[in-house]
There are 2 protein chains.
Amino acid sequence: MSKLIQPRTLKGFRDHVPASMIPRERLIDTAREVYRSFGFAPIDTPALEYTEVLLGKGGDETDKQMYRFSDHGGRDVALRFDLTIPFARFAAQNVPSLGTPFKRYHVGPVWRGENTQRGRYREFVQCDFDTIGTESPLADVETLLVIHELFQRLEVGPFTIHVNDRKILTGLLERLELVDQAVPLLRALDKLDKIGPEKVSAEMQAEAGVSAGAAEEVLALARLEGDNAAILDALPPLVEGSELGAAGVERLATVLAGAVAGGAQADRLQLDVAIARGLDYYTGIVFETTLDDLPAIGSCCSGGRYDDLASLYTKERLPGVGASLGVDRLLAALEELGRLEARSTPAEVLLVRFGDQHDGELLGLAAQLRAAGLAVEVYPEARKLGAQLKFADRRGHRLAVVVGDAEWASGSAQLKDLASKESSEVAQGELAEACLRRLGR
Amino acid sequence: MSKLIQPRTLKGFRDHVPASMIPRERLIDTAREVYRSFGFAPIDTPALEYTEVLLGKGGDETDKQMYRFSDHGGRDVALRFDLTIPFARFAAQNVPSLGTPFKRYHVGPVWRGENTQRGRYREFVQCDFDTIGTESPLADVETLLVIHELFQRLEVGPFTIHVNDRKILTGLLERLELVDQAVPLLRALDKLDKIGPEKVSAEMQAEAGVSAGAAEEVLALARLEGDNAAILDALPPLVEGSELGAAGVERLATVLAGAVAGGAQADRLQLDVAIARGLDYYTGIVFETTLDDLPAIGSCCSGGRYDDLASLYTKERLPGVGASLGVDRLLAALEELGRLEARSTPAEVLLVRFGDQHDGELLGLAAQLRAAGLAVEVYPEARKLGAQLKFADRRGHRLAVVVGDAEWASGSAQLKDLASKESSEVAQGELAEACLRRLGR
């Protein structure tokens with residue numbers, strides 16, 4: 001026998017066993033269902049692209065983390081590190097024939113050779129959706145409605161979508177004549193939750209060179225509290241004289257009202273003027289979604305409106321709005337909240353097998369249950385009942401069906417509920433119905 | 001303005017636009033549903049692995065096609081070129097804690113830097129399912145039942161699952177005392193469909209050094225025709241004296257009968273003694289699935305039983321049976337058969353929009369239709385009716401809903417069937433029902 005190869009995965013990479021993959025698939029399936037119900041269409045792009053295409057403007061942290069190499073033809077290639085740049089490249093190539101408005105979702109793995117501390121992985125799934133080719137507020141509204149519907153369906157408990165418009169921050173800076181200091185000011189403001197207002201003010205004065213009074217004016221905006229109507233009322237004086245600022249306030253009012261008209265619960269939408277979401281990409285509405293039961297985990301779905309998606313690749317201007325669902329973060333949250341079922345099988349029912357004498361009938365019974373919409377596993381070996389029930393317990397089947405010689409003779413079956421340990425005798429012809437009832441379906 | 005980067009994909013790689021991605025997602029979703037209904041659980045493994053792990057025994061054609069490079073830590077890594085080797089590595093690592101029997105499915109991209117002629121791509125999706133840790137014929141039966149159920153649901157028209165057992169071929173060679181010539185003999189036999197019996201016989205004589213009579217005996221096996229019962233009757237004398245051969249005949253009889261008991265239509269299963277499926281991997285049942293309306297496209301789902309999955313990585317013997325669904329081949333077949341709908345949107349309904357005056361009501365109407373299970377796109381701009389209907393036609397929406405000022409006043413809507421061009425006036429409260437009826441749901 002030759003020497004064994006050590007079975008192992010690379011640092012920062014991981015296998016998904018069924019217990020982790022089942023909720024992951026369910027989450028992604030739910031996201032795709034919701035995206036589709038709003039008319040977002042699936043696309044896919046290659047994992048591997050020309051490095052030149054992925055680098056874009058280049059120069060930032062992500063570039064160093066790219067898996068980059070020469071392929072067989074000597075081409076400089078790299079694994080994608082997000083789905084945004086491939087979508088920009090895709091849009092430049094395909095939107096001329098596909099037309100606009102164009103709504104897409106894209107679910108796929110991305111790769112970053114980053115530090116693996118803090119539970120970060122070098123391969124993870126992104127799950128994005130965007131509407132491009134329109135500046136309509138309706139597209140902003142729909143983005144919020146998608147997030148709202150998705151989080152309702154995911155059963156993560158109460159959640160809050162924090163909404164802002166970048167134009168309001170710009171408007172304030174215009175009024176204060178601080179537009180040139182926008183970058184250090186907003187960078188400081190983004191830290192408000194972490195370091196508190198005093199330190200933010202100190203940083204604004206140190207890094208942006210503004211007065212204590214000006215820093216206080218910027219902080220006052222972020223400090224606005226109350227319900228959305230009250231904040232909307234308080235905003236106009238703060239952005240007075242700025243056309244952009246006024247447009248931002250009006251847009252926010254329109255979008256928030258539209259979301260409620262479209263079925264969102266008003267108390268899930270919180271106007272939060274401190275949200276900036278980075279410094280230069282977003283130009284309109286921005287939002288983050290937090291779980292009320294677990295705010296510390298951070299935003300589980302974020303995004304916003306941008307002026308031009310694909311300016312690196314095409315002269316056609318493609319404004320849009322979109323969001324990215326944090327699949328790993330949401331799964332971590334569901335686990336922490338105890339809302340993940342520990343199941344290693346998608347089959348609700350295990351059919352116990354004692355030998356090959358009744359295989360034909362057993363297979364017929366399994367087919368009958370599947371035809372009723374049940375997922376059914378037939379135990380393939382002939383082992384003792386106890387061993388098979390233990391297997392079912394470990395895997396997470398909900399029900400076990402036991403048919404011994406006596407039951408085959410009488411056309412009945414023992415139906416065992418593996419959680420409650422209750423057992424009942426059921427006629428085989430009524431077995432599917434009895435299983436569905438037990439499962440509450 | 002800086003110079004544009006040319007938007008392009010690498011040779012052998014491709015984007016999937018919605019019209020190609022929608023049927024692809026539907027096919028994969030159907031496969032996953034069927035797999036789950038039989039208790040197969042999802043797993044995932046990293047795209048990138050240690051080259052040492054992926055190389056395995058090494059030395060064949062696939063190795064040269066691997067995308068292989070050094071990562072940031074100087075590790076020798078490569079992109080997986082199939083899902084079988086990662087599954088073997090996964091099983092060696094995880095089955096000790098997961099237990100057996102273990103049933104998994106795995107859907108994911110793989111990469112091969114191969115020649116891109118003949119419509120081959122360097123990135124493609126595999127969709128595999130396997131049962132490991134059992135030698136039970138029930139697992140063989142279930143594999144056939146999964147394929148049967150899957151092809152029924154895919155609506156590819158009539159199909160045939162060609163079934164054989166490798167032990168029968170071995171049994172024949174044992175009787176003829178030609179076991180040592182198995183490799184060149186089976187390699188020649190595998191070409192029967194392509195080059196015909198005379199050339200196969202000539203190749204057997206030339207390459208395996210057997211007599212014309214012996215070549216004729218091997219060919220006689222492959223020439224067996226008729227229904228499964230007739231072939232099963234004719235087999236025993238051909239493998240006389242070989243225990244393996246006799247076991248193969250018995251196993252085939254058991255598996256075929258089991259599949260029919262489990263709900264497969266008998267005439268979808270064809271015993272086909274010429275099928276060998278490669279020379280050394282499979283050791284028991286083997287099968288291929290062809291479309292009766294398009295046999296030339298080849299097998300769309302193939303697999304078989306093997307003695308030991310993960311012997312490169314572990315001393316634990318893991319016998320199993322599994323199959324791989326040919327996603328790209330099936331999609332090509334569906335397209336050639338004209339069974340692919342040309343749609344670029346998952347939304348059945350387009351809501352036309354004329355301006356922002358009624359946005360709230362329009363969003364409410366969309367929510368009402370979605371609550372009834374319809375996928376609905378709201379056109380975000382205010383363009384002329386003709387332009388919006390043309391958009392719907394191009395994208396493939398089935399229905400358009402038009403609500404102008406008069407309709408808002410009367411609480412009604414115009415429902416347009418975009419295929420038949422019929423139009424009808426419907427009360428808004430009955431719109432969802434009318435849409436569902438139009439769609440035949």
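How many bridges join β3(A) to strand β4 of chain A, and do the two run parallel or antiparallel? Three bridges join them, with β4 covering residues 76-79, and the two strands run antiparallel. Strands here are DSSP runs (E, at least two residues), numbered from the N terminus, as are helices (H or I, at least four residues). Two strands pair if DSSP finds at least two bridges between them.

Before going on, note that this is a predicted model, in which local features need pLDDT of at least 70, side-chain atom pairs count only at pLDDT 80 or more, and totals for chains, interfaces and linings use all residues. Residues are numbered from 1 along each chain as its sequence is written, while chains are lettered from A and ligands numbered from 1 in the order in which they are written.

Let's stay with chain A. Its strands β2-β4-β3, in that order, form an open, antiparallel sheet of three strands. The edges are β2 (48-50) and β3 (68-70), each pairing on one side only. Look for S70(A), which stands opposite D76(A) in β4(A).

Now turn to chain B. Five strands form an open sheet with mixed pairing, in the order β13-β12-β14-β15-β16. Here the edge strands are β13 (376-378) and β16 (423-427) of chain B. Inside this sheet, β12 (residues 349-351) and β14 (residues 399-402) of chain B run parallel, joined by three bridges. L350(B) has A400(B) as its bridge partner in β14(B).
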